Amino acid sequence: MAALAGVSPKTVSNVINGVVPVRAETRERVESALAELDYVPNMSARGLRNGRSGNIALALPDLSTAYSAELARSFVELAHERGWAIQLEQSGNDPHREVELVSRARTHLIDGLILNPTLLSKSVVAGTAELPPTVVIGEVEPYGVDQVHVDSQGAAREMTEHLLATGHRHIAIMGGSDERWRSATSLLRMQGHREALEAAGLAVDPALNLVATQWTPAAAASELSAFLDRLDRTGGALPDAVFCFTDAMALGVLHVLAKRGIRVPRDMSVAGFDDIDEAAFAIPALTTVGFDKRAIADAALSALARRIADSHAPASDIVIPHRLVHRDSVAQRE
C-alpha cells in the first residue's frame, strides 16, 4: 500500500489513524491507494495495538440550537477527514454527563473529548482529577486544559461601541448573568459591554441586564416579554437597543417585538452574536458578531490530536478571529 501511494508505511499509518496531520496532497494519494486495494482497517486490532478506539466525543450544551448544528457539522466533516468517528453528546448543562464522558475516555471507549461547558464552576474541567485528552471550546478559567474560543469580551465591547457610535444610549443585554445563573461566556460578554459603556461615560443600569438561563429563542422571548410587561406597569422607557449574547436569543427577541408592534430597527435596534445561517434571513436581517465555526472545529481537533499524541504538552489557548457583520437590524439614531 505504501509503495502504491509512494509514501512511507509511517505516513500510511498517520493517514489511517488521523492523529498526526498529513498534507492534503499526500493524504489524497494514500486514500486513493486504500480505495484501490479495498483496504478496511481492523479497528479492534488497532485498538489493541495502540490503545485507541478511533472515536472521540463532542459534547455541546443544546444540540437543538442552530449554532450547535452548524458547529457539529464542521466537527463531523473535519473529524472524518482525520479518520476519526465522532460521538455527539448533549450535556444539557449537566456536569454529571461530562463525568460520564470522562469515564468512557478513561476506559478507552473514546480517545478524547471536546467539551463546551456552560456552568464552568460545576464542570468536570474544574475538578482536580487528571483528565483524559480533553479540549474545551468556549471560555474557561485557567484550569490547564486546551481551549479554543472567540474573544467574547473584545467582541462584546466592539458591538456595544458600534451601538453607541450609531446613537444608542439605552442598551439592554439579553443573556446576562446574575446571582441565579452565571456562565463564563456571559460574564465576559457583560464585561466587554460594561467597558464600552464606561469608556463612553455611561452608567451600567442593572435593570437592563436580562437573564435567560437557557440561550434559546423561547427563553429570550419569555424574558423579554416579562421585561416589557414590567415597563408597561411602571411606565418605564423602552431601551433603544437590545444586544443579545447569541443569535438564537436575538430571533426570540425579534419575534416578541414584532408581535407587540415594536418596529426593528426604527423603534428598537437588535444585535446578536454567532452569525448563524438564519441571521441573514431574519426580518430584518440581523447585525451580529461573526466568526468561522469551521476554524473552531479545525483548531479544536488539532489541539486534541496533539494532546492524544503527548499528554504532557503545555496547554494551548487558541483564539479564533471575529468580525462585526452589519445588516439591517441596527439603525442610526439622531
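Mentor: The buried residues of H11 are Lys293, Ile296, Ala297, Ala299, Ala300, Leu301, Ser302, Ala303, Leu304, Ala305, Arg307 and Ile308. Buried means under 20% relative accessible area, exposed over 50% and partly exposed in between, with a 1.4 Å probe and protein chains only. This is a predicted model: local features need pLDDT of at least 70, side-chain atom pairs count only at pLDDT 80 or more, and totals for chains, interfaces and linings use all residues. Residues are numbered from 1 along each chain as its sequence is written, and side-chain values use heavy atoms, with hydrogens and water left out.

Trainee: Is H11 mostly covered or mostly open, then?

Mentor: Mostly covered, with twelve of its 17 residues buried. Helices here are DSSP runs of H or I with at least four residues, strands are E runs of at least two, and both are numbered from the N terminus.

Trainee: What span should H11 have?

Mentor: At 1.5 Å a residue, its 17 residues should span 24 Å, and the end C-alpha atoms are 24 Å apart, so the two agree. The expected span is 1.5 Å times one less than the number of residues.

Trainee: At what angle do H5 and H11 pack?

Mentor: H5 (residues 66–81) and H11 (residues 293–309) pack at about 45 degrees, with axes 9 Å apart. Axes are lines fitted to C-alpha atoms, for helices over the stretch in contact, and angles run from 0 to 180 degrees between N-to-C directions. H5 is therefore oblique to H11. Angles under 35 degrees count as roughly parallel, over 145 as roughly antiparallel, 65 to 115 as roughly perpendicular and the rest as oblique.

Trainee: Which residues of H5 and H11 meet?

Mentor: Among them are Tyr67, Leu71, Phe75 and Leu78 in H5, and Ile296, Ala297, Ala300 and Leu301 in H11. Contact means heavy atoms within 4.5 Å. The residues of this contact divide into nine nonpolar, one polar and six charged. Ala, Val, Leu, Ile, Met, Phe, Trp, Tyr, Cys and Pro count as nonpolar, Asp, Glu, Lys and Arg as charged, and the others, Gly among them, as polar.

Trainee: And how do H7 and H8 pack?

Mentor: H7 (residues 152–165) and H8 (residues 184–199) pack at about 40 degrees, with axes 7 Å apart. The two are therefore oblique to each other. Their contact has five nonpolar, seven polar and four charged residues.

Trainee: New topic: how many helices and strands does the chain have?

Mentor: Eleven helices and twelve strands. Buried residues make up 52% of the 334 in the chain.
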